[in-house]
Amino acid sequence: PIPPGMEFSHIVPHDVDLDSEEANEVGSDSPDPPVWADIMRFFSNPRKPMILALARPDPKKNITTLVKAFGEHHELRNLANLTLIMGNRDVIDEMSSTNGAVLTSVLKLIDKYDLYGQVAYPKHHKQSEVPDIYRLAARTKGVFINCAYIEPFGLTLIEAAAYGLPMVATQNGGPVDIHRVLDNGILVDPHNQNDIAEALYRLVSDKQLWAKCRQNGLDNIHRFSWPEHCKNYLSRVGTLKSRHPRWQKSDDATEVSETDSPGDSLRDIHDISLNLKISLDSEKSGNMSKYGRSSTSDRRNLEDAVQKFSEAVSAGTKDESGEKAEATTGSNKWPSLRRRKHIVVIAVDSVQDADLVQIIKNIFQASNKEKSSGALGFVLSTSRAASEIHPLLTSGGIEITDFDAFICSSGSDLCYPSSNSEDMLSPAELPFMIDLDYHSQIQYRWGGEGLRKTLIRWAAEKNSESGQEAVVEDDECSSTYCISFKVKNTEAVPPVKDLRKTMRIQALRCHVLYSHDGSKLNFIPVLASRSQALRYLYIRWGVELSNMTVVVGESGDTDYEGLLGGVQKTIVLKGSFNSAPNQLHAARSYSLEDVVSFDKPGIASVDGYAPDNLKSALQQFGALEG
């Protein structure tokens with residue numbers, strides 16, 4: 001953690017004569033502050049070093065243990081005085097019961113150990129007088145103590161150090177970090193009364209140790225100043241990984257346009273991750289796993305290894321072999337999104353597979369001219385895994401290369417088709433290219449394998465409660481950033497609203513998403529979503545969100561609302577082909593019309609999905625020429 005900054009410009013620590021037996025500031029001619037007299041009147045010998053404690057009378061502050069330590073250590077009592085600044089009070093009986101009990105205990109201990117003339121406990125002080133109290137303790141060559149059972153930070157320790165006071169502080173909490181920086185005192189176990197007394201005695205009896213701790217504090221106190229705080233903060237931020245890649249707009253994948261980049265803070269990220277070609281044919285792969293066909297552990301190990309390799313190469317300088325590799329990487333291997341003037345995102349969840357295939361074909365038919373010229377691109381957005389997308393499209397006679405990108409597994413994976421015949425393992429299959437940089441954007445605080453094991457235990461509990469196999473892990477559709485389950489009995493699993501609440505209670509950071517019919521349950525990182533993937537495409541490839549048109553059904557997966565509205569345009573397909581969402585979608589108790597304006601210019605409704613109707617809607621949003 002980075003400590004907060006403090007203002008020290010108004011503090012002028014006074015020099016003290018370390019050889020003098022008398023407690024006087026060097027060159028101090030100004031009159032004593034009034035608060036000094038209020039404290040000194042308690043002492044029979046006010047010239048002795050002052051042990052200063054400044055804390056409210058709260059049991060957690062451990063003031064009674066301090067008084068016991070002082071009262072039972074006779075050498076310490078003979079050498080020093082104790083000052084307890086315990087807030088302001090008028091009548092003890094009018095204080096809160098807790099604070100009153102602590103103060104009463106302190107007074108009883110003073111009486112028990114006969115500490116009259118050795119302990120000060122003034123009733124009142126002003127906030128503006130606190131600096132003078134620190135100065136008084138420093139003038140007497142005293143020590144500041146904070147022996148709380150636990151101290152979250154310890155602001156008073158820093159304030160005391162700024163006035164030249166060594167410290168004795170609890171070893172629990174923030175004082176440990178403060179001592180590491182200032183090195184101006186001794187840390188103690190707040191439960192050990194003898195440790196507290198011995199630490200205090202060492203500092204007030206050893207002049208050289210006291211002087212060393214005082215000087216260390218004064219020399220290092222600037223590290224808690226506001227300028228130092230800002231410097232530390234910015235240096236930490238500078239070491240963080242960029243949350244956004246730069247735009248990739250030119251045909252040369254390694255060329256970055258500084259003027260087009262959204263901000264100077266966005267780093268240049270090499271696209272080596274896109275060189276990972278994942279084949280769908282596990283038997284012809286050799287040493288590479290196939291996306292969605294191999295075992296889950298093999299696929300995860302492969303992605304992790306390639307991502308580490310990608311990061312290592314990106315961090316290093318390019319050698320000659322690297323430059324040759326880039327030179328041989330043709331532009332046809334890189335996503336063509338940056339050359340598109342408009343993008344149509346097909347995200348229809350509420351239909352059967354046959355209807356989805358026909359919708360895709362009709363959109364292609366309606367936009368045949370622009371599709372052929374390269375001005376219009378297409379993205380498929382779905383809760384399906386890439387391994388499910390391929391057979392769905394090929395069985396319907398649709399080529400993978402008809403799309404520019406695939407947002408898969410509810411937005412946890414972003415893939416691109418490969419148009420390079422050298423990457424094809426057979427004429428009937430094309431490999432996908434996984435955007436591992438997208439993974440680096442969504443991996444923050446992702447539970448990974450630990451989360452997966454927890455969810456498997458949760459599924460086992462649900463199966464045990466229902467007495468049947470209601471929900472099981474879908475190994476084929478799970479990936480590094482998507483833990484997928486098949487729901488076989490929707491009545492045995494909780495609605496998405498309750499399931500999200502369970503995840504929050506268990507401190508499990510993830511998005512919970514049901515498919516439209518409730519048969520699929522995906523757990524993905526909190527930074528991943530289908531709508532977030534669209535924003536990533538804007539950052540990555542310079543595809544303007546205002547030039548995107550998202551085609552959806554009348555309802556969808558539990559992330560349906562995120563696809564509506566926004567900067568992008570939306571076409572809603574209406575008709576009886578839409579099936580009603582499963583009861584598991586009961587995430588809201590309000591009408592969708594209450595949060596989404598279907599009358600705004602950016603949303604259009606189409607009856608059915610006939611090519612002519614789709615063409616009119618796309619022309620309305622400028623995706624097609626009129």
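Trainee: In which sense do strand 1 and strand 4 pair, and over how many bridges?

Mentor: Two strands pair if DSSP finds at least two bridges between them. Strands (E, at least two residues) and helices (H or I, at least four) are DSSP runs, numbered from the N terminus. Here strand 1 (residues 50-54) and strand 4 (residues 143-146) pair in the parallel sense over two bridges. Leucine 52 has phenylalanine 144 of strand 4 as its bridge partner. This is a predicted model, where local features need pLDDT of at least 70, side-chain atom pairs count only at pLDDT 80 or more, and totals for chains, interfaces and linings use all residues. Residues are numbered from 1 along each chain as its sequence is written, and side-chain values use heavy atoms, leaving out hydrogens and water.

Trainee: What is the order of the six strands in the open sheet?

Mentor: The order is 3-2-1-4-5-6, with parallel pairing. Strand 3 (119-120) and strand 6 (185-188) are the edge strands, each pairing on one side only.

Trainee: Which strands does helix 8 touch?

Mentor: Contact means heavy atoms within 4.5 Å. Helix 8 (residues 193-205) packs on the sheet and touches strand 1, strand 4, strand 5 and strand 6.

Trainee: Is asparagine 547 buried, partly exposed or exposed?

Mentor: Buried means under 20% relative accessible area, exposed over 50%, and partly exposed in between (1.4 Å probe, protein chains only). Asparagine 547 has a relative accessible area of 30%, so this residue is partly exposed. Asparagine 547 sits in the loop between helix 19 (530-541) and strand 17 (548-552). Not counting residues up to four places away in sequence, asparagine 547 touches Lys341, His342 and Ile343.

How values were computed:
Axes are lines fitted to C-alpha atoms, for helices over the stretch in contact, and angles run from 0 to 180 degrees between N-to-C directions.
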